[in-house]
Amino acid sequence: MFAGAAALLGVTAGQAQAAEVSYATHCVPPSGVGLPEIDGTTKVDVTAPATAKVGDTVDIVWRFTQAASKNPDIIDLPANSVQPSGTLKAAGAQTTSVEMTGPRENPAIPKGGDMVLSDMKGTLKLTAAGQVTLTPDAYVVNALGTNTTCTPTEGVQPAATITVTAGEGSSTASSDPSQSASQSQSPSGSASPGTSTTPSASTSASGDDGQTDFTGKVVDIPYTCQSPLGEKKATSPIQINAKKDGGSYDLTVQFKKSVMDSPIDIPAEKVKPTMQVVLGGADEGTVKVEGPLNSEAIPQGRPIEIPDLTGTYKPGASGESTLSPGVLVIEAMGTTTTCTPDSTAVSLTLTTEEQASGASGGSGSSSGGSTTTSGGLAETGAGDHGTLKALGLVAGTAVLLGAAVFTFMPGRRGLR
């Protein structure tokens with residue numbers, strides 16, 4: 001495995017070696033997700049050349065043979081969404097810490113499946129003759145910009161030993177300051193709670209003197225989004241438009257401003273948004289509007305765009321009826337996130353005529369809700385069709401995937 005690298009680096013003797021070690025580990029999940037700290041067992045192989053000489057730089061590989069976790073029965077982890085990093089301790093003739101990092105490469109991990117972490121690699125320049133031992137230490141698992149930190153709770157046995165012979169370079173033991181495992185990646189973005197003032201209740205369209213198209217006012221709506229594992233706040237400008245069709249109205253709801261970028265690669269057809277438009281004034285109840293599944297994959301770091309949400313409003317009363325943004329529901333990758341307005345505002349006022357079996361006096365919800373054919377999650381531009389950059393995925397997917405990293409196996413304390 002290392003023969004070519006060894007020749008290039010001047011490692012002239014010895015064969016690559018590997019040994020598995022097992023050690024008790026204490027893991028701290030991401031803050032704010034409501035999961036307890038958990039104790040489990042980590043098993044790893046460490047591979048390094050058996051012999052080398054002073055002055056050589058050797059390659060080291062840390063391979064997880066057992067992660068101390070399973071993916072909980074909450075959400076499927078997408079492929080290439082998890083990245084490990086860690087620290088390997090060198091001791092003996094030379095004392096230092098070796099930073100190890102693995103690529104963000106993993107197969108899709110279903111709910112309840114074994115966690116799969118990529119091999120971590122690092123290099124060590126040998127500075128002293130003698131025996132140099134390599135021992136696994138703390139490591140960090142990064143998922144969607146959230147980190148779970150795992151630290152040994154017992155003495156760990158060396159996993160590999162390099163016999164270093166005299167050569168170019170220092171022949172005395174050297175010591176480098178210990179370095180902790182660095183975080184592998186920071187979040188690509190986070191939704192911060194909006195601090196907008198109470199939106200004006202004025203409307204942008206009214207009347208029915210032959211007019212068929214009605215354009216609503218853009219209103220800033222502060223949401224509190226609740227996922228199975230956490231709460232998140234975000235504010236998005238929203239506009240409700242209508243087109244009259246006989247006695248009914250075809251509604252289009254647009255989100256005008258994004259909140260965050262996608263924290264991971266999201267496959268196509270994994271995100272479905274719906275909303276309840278709240279009726280007021282002469283009428284009452286709600287109208288369901290919905291958007292299509294995202295038609296294309298959303299790369300990591302790109303805006304998560306909510307498409308136009310559409311539905312049909314059949315008036316249940318005659319008079320001035322108002323339409324306001326209501327509860328938003330985002331189904332994403334097996335989870336449901338419900339976003340409830342902290343306050344709302346009228347986007348559109350229509351002069352309506354009561355229709356048979358209309359909204360007023362019914363169950364509180366009209367039966368409309370046609371689906372458009374355009375795909376994609378929300379847009380980022382201030383004037384583009386909308387976004388809600390991850391209201392659902394900030395509170396839902398990102399938190400869930402970060403929390404999913406360390407739900408430990410049966411028989412150990414933690415979520416099951």
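**Exercise 1. Follow the pairing of strand 18 through its neighbours.**

Step 1. Strand 15 (residues 271-281) and strand 18 (residues 319-324) run antiparallel and are joined by four bridges. Strands are DSSP runs of E with at least two residues, helices are runs of H or I with at least four, and both are numbered from the N terminus. Two strands pair if DSSP finds at least two bridges between them.

Step 2. Within strand 18, serine 321 stands opposite glycine 281.

Step 3. Strand 18 also pairs with strand 21 (residues 348-352), in the antiparallel sense, over five bridges. There, leucine 350 is the bridge partner of serine 321.

Step 4. For the protein as a whole, the secondary structure comes to two helices and 22 strands.

The model is predicted: local features need pLDDT of at least 70, side-chain atom pairs count only at pLDDT 80 or more, and totals for chains, interfaces and linings use all residues. Residues are numbered from 1 along each chain as its sequence is written, and side-chain values use heavy atoms, with hydrogens and water left out.

**Exercise 2. Describe the largest nonpolar core and the surroundings of leucine 134.**

Step 1. A nonpolar core is a set of buried Ala, Val, Leu, Ile, Met, Phe, Trp, Tyr and Cys residues joined through side-chain atoms within 4.5 Å. Buried means under 20% relative accessible area, exposed over 50%, and partly exposed in between, with a 1.4 Å probe and protein chains only.

Step 2. The largest such core has 38 residues, and those with the most contacts inside it include Ile60, Trp62, Leu88 and Leu134. Strand 8 (130-143) is among the elements that give it two or more residues, and the largest share, five residues, comes from strand 8.

Step 3. Leucine 134 touches, among others, Val46, Ile60, Leu124 and Ile162, not counting residues up to four places away in sequence. Contact means heavy atoms within 4.5 Å.

Step 4. Apart from this core lies another, of 32 residues, including Ala242 and Leu323.

**Exercise 3. Decide which parts of the model call for caution.**

Step 1. The mean pLDDT (the predictor's confidence in each residue, from 0 to 100) is 74 for the protein, and 65% of its residues reach 70 or more.

Step 2. Over residues 1-13, pLDDT stays under 50. Residues 361-416 also stay under 50, and the model has 210 contacts for them beyond four places in sequence.

Step 3. Where pLDDT is low, the predicted coordinates should not be read in detail.
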